[in-house]
Amino acid sequence: MDKFRMIFQFLQSNQESFMNGICGIMALASAQMYSAFDFNCPCLPGYNAAYSAGILLAPPLVLFLLGLVMNNNVSMLAEEWKRPPGRRAKDPAVLRYMFCSMAQRALIAPVVWVAVTLLDGKCFLCAFCTAVPVTVLGNGSLAPGLPPPELARLLARVPCPDIYDGDWLLAREVAVRYLRCISQALGWSFVLMTTLLAFVVRSVRPCFTQAAFLKSKYWSHYIDIERKLFDETCTEHAKAFAKVCIQQFFEAMNHDLELGHAHGALATAPAGSAAPAPPEGAEEEREKLRGITDQGAVNRLLTSWHKCKPPLRLGQEEPPVGNGWAGGGPRPPRKEVAAYFSRV
């Protein structure tokens with residue numbers, strides 16, 4: 001159990017490196033998934049484009065959503081976006097920074113899927129086989145004599161070598177090489193554009209907006225750390241609350257049992273018998289409760305934390321009242337009084 005706790009603490013302390021590793025694993029998994037995927041083009045004029053579009057777009061969308069779900073900061077972003085402003089205003093720049101940081105990692109696996117799909121060429125071949133210029137690559141003298149539906153049906157079978165019977169019009173190998181060449185060109189162009197975009201976002205943008213970038217980064221880290229510390233404090237309070245509650249229950253049960261067994265001896269007991277001393281450590285556990293000792297107080301505290309978080313102004317916050325905070329402006333200046341003493 002201690003080993004798992006150490007691993008969990010290590011992952012929490014190195015959360016950014018851990019998420020980068022998860023995104024890399026998902027990118028490799030997406031490439032492996034495509035290589036293991038059995039691509040079967042329907043070879044029908046009305047279905048080739050729809051099937052290819054689904055293969056090209058649906059898996060990247062699923063991988064992007066999985067990348068967001070596996071990121072621990074998604075719930076923190078949603079909580080910060082939907083919380084009431086209270087006495088702490090919400091900064092849109094911080095929310096944009098948090099979302100962009102998560103989206104950049106979540107987009108790695110979808111980008112790899114699209115790049116591998118275009119470089120492989122099967123999907124592009126299935127989608128655009130009916131758009132091959134027959135008059136340029138094939139027998140142009142026979143193409144005008146075919147009806148458009150018959151020509152589309154014939155070209156739609158190009159991805160399927162077992163059922164293609166149009167070599168007299170267009171050699172299948174010529175059409176396959178033509179479409180795969182275009183697909184690979186689009187694939188390398190897509191890789192180049194995404195690489196340049198990532199370079200601009202990660203390297204060039206902070207140089208022009210360094211102050212805003214540092215502010216957004218700082219407060220994003222602050223929100224993350226504040227949430228973790230609040231969760232740790234709540235966990236510590238819940239443990240102390242449960243421990244004191246269980247101790248009180250056992251003490252009450254012990255007292256009831258003693259009363260039941262010694263019912264006949266109560267008359268002979270001394271009148272001023274002392275109450276049993278509290279167990280060792282009970283006072284320490286009560287100190288951890290910080291005065292929150294009942295369910296209603298805990299619920300009010302949690303509601304107050306959600307509705308009206310303390311202002312980011314250390315040493316100047318006012319005590320909470322109910323579910324909010326009392327007072328809206330700064331405190332009046334204190335009057336300082338100096339007293340002088342002289343020896344007689």
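**Notebook: a walk through the predicted model**

I began with R202, which I found in helix 10 (residues 172–208). R202 counts as exposed, at 58% relative accessibility. My cut-offs were under 20% relative accessible area for buried, over 50% for exposed and partly exposed in between, with a 1.4 Å probe and protein chains only. R202 and Q104 are 98 residues apart in sequence, and their C-alpha atoms are 9.7 Å apart in space.

A note on ground rules: this is a predicted model, where local features need pLDDT of at least 70, side-chain atom pairs count only at pLDDT 80 or more, and totals for chains, interfaces and linings use all residues. Residues are numbered from 1 along each chain as its sequence is written, and side-chain values use heavy atoms, with hydrogens and water left out.

**Overall picture**

I looked up the secondary structure and got 13 helices and two strands. Of the 344 residues in the protein, 27% are buried. Taking contact as heavy atoms within 4.5 Å, I looked at pairs at least 6 apart in sequence: 71% of those contacts join residues at least 24 apart. The protein exposes about 23500 Å², and 65% of that comes from carbon and sulfur atoms. The areas come from the Shrake-Rupley method with a 1.4 Å probe; for residues, only the protein chains shown count as cover.

**The cavity**

How many cavities of 30 Å³ or more are there? I got one. My rule: on a 1 Å grid over the protein atoms alone, a cavity is a set of points where a 1.4 Å probe fits but cannot get out, and lining residues have an atom within 4 Å of a point. Grid points are joined across faces, edges and corners, and the volume is the space filled by probe spheres set on the points. The largest cavity holds about 50 Å³ of space. Its lining is M76, E79, E80, I223, E226, R227 and K309. Helix 4 (73–82) and helix 11 (210–261) each give at least two residues to this lining. I sorted the lining into two nonpolar, no polar and five charged residues. In that sorting, Ala, Val, Leu, Ile, Met, Phe, Trp, Tyr, Cys and Pro are nonpolar, Asp, Glu, Lys and Arg are charged, and the others, Gly among them, are polar.

S220 counts as buried, at 8% relative accessibility. Leaving out residues up to four places away in sequence, S220 touches V94, Y97 and M98.

Which residues of helix 9 (residues 148–155) are buried? I noted L151, L154 and L155. Down the axis of helix 9 they fall within an arc of 95°, so they line one face of the helix; the arc is that of the directions from the helix axis to the C-beta atoms. These buried residues pack against helix 8 (134–137).

**Two loop residues**

C43 sits in the loop between helix 2 (15–36) and helix 3 (48–69). Phi of C43 is near 60°, a positive value in a residue other than glycine. Most residues other than glycine have a negative phi. C43 is buried, with a relative accessible area of 3%.

L107 is in the loop between helix 5 (92–106) and helix 6 (108–120). At 41% relative accessibility, L107 is partly exposed. L107 and L63 are 44 residues apart in sequence and 8.1 Å apart in space, C-alpha to C-alpha.

Technical notes:
Helix = DSSP H or I, 4+ residues; strand = E, 2+ residues; numbered from the N terminus. 1 Å grid on protein atoms, 1.4 Å probe; cavity = no way out; pocket = protein on both sides within 12 Å on 5 of 7 lines; lining within 4 Å.
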